[in-house]
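Reader: I am new to this one and would like to go through it slowly. Could you put it up so that we can look together?

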Amino acid sequence: LLSTNDKMTAPDEDRISHYKGVKMLGEGSFGKVWLVTSDEKPGKTFALKEVAWDELSDMGEAQATKLRDQLTAEVEFLTNCKHEHIIAFEESFGARAVRARLFPNEVVQSSMFDTLELEEDDDEIEPREDPTISGPICLCIVMEHAAGGDLESVIVNAKNKKTKIAEERTWKWTAQLLCALG
């Protein structure tokens, strides 16, 4: 998916078509995370992280290269990280117009063809550019969705509510973390 010269290979437009958006889970400096379903795995939900790969250059080439290297390392790490106590990596791919593809009914869609009065010597109408395949290439990283949130969010919620987390639960999490690291 990613090459060594900071350029993403051609987007795999077919992969994004298997996902349908449910809602936005979060938004950060470099992208968005969407809750999605897949027509290939009915009944399961996933978190799709979208990063505008092409637009990273706007922050300066040195910083963009560093972030692209980090994202490449993240994808490589997640690809090889398989354990029952670690959120599962599903896949990564490049795509354009991610939001429009995940939420097709939300986008104001115009006809693909201009409505023109044909002159007698016109034999065809030129198609417009398809809006769902234009725009910057985004890196999409698809992960298993943890409906209960991650460990950090559980700890932050308990802290905000000024509640304690049961000792048995923390021991269970500690054992799971050690097992995953081992």
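Reader: Which residues form a nonpolar patch on the surface?

Author: This is a predicted model, and in it L151, I155 and L177 form that patch, with about 250 Å² of accessible area together.

Reader: Changing topic, how many residues of strand β3 are buried?

Author: Five of the seven residues in β3, which spans residues 45–51, are buried, so this strand is largely enclosed by the rest of the structure.

Reader: And which strands do bridges join to β3?

Author: Strand β2, residues 31–38, runs antiparallel to β3 and is joined to it by seven bridges, with K32 standing opposite E50 of β3. Strand β5, residues 137–144, is also antiparallel to β3, with six bridges between them, and there A47 has M143 in β5 as its bridge partner.

Reader: What about the hairpin, how many residues are between the strands?

Author: The hairpin of β2 and β3 has six residues between its strands, and G43 in that hairpin takes a positive phi near 90°.

Reader: One more, is H18 buried or exposed, and what does it touch?

Author: H18, in the loop between α1 (13–16) and β1 (19–27), counts as buried because its relative accessibility is 16%. Leaving aside residues up to four places away in sequence, H18 touches T37, S38, D39 and E40.

Methods
Residues numbered from 1 in each chain as written. Predicted model: local features only at pLDDT ≥ 70, side-chain atom pairs only at ≥ 80, totals over all residues. Heavy atoms only, no water. Helix = DSSP H or I, 4+ residues; strand = E, 2+ residues; numbered from the N terminus. Buried < 20%, exposed > 50% of the residue type's maximum accessible area, 1.4 Å probe, protein only. Contact = heavy atoms within 4.5 Å. Pairing = 2+ DSSP bridges. Patch = residues over 30% accessible without salt bridge, like charges linked within 9 Å, V, L, I, M, F, W, Y side chains within 5 Å. Areas by Shrake-Rupley, 256 points an atom, 1.4 Å probe, with all protein chains shown as cover. Salt bridge = Lys/Arg side-chain N within 4 Å of Asp/Glu carboxyl O.
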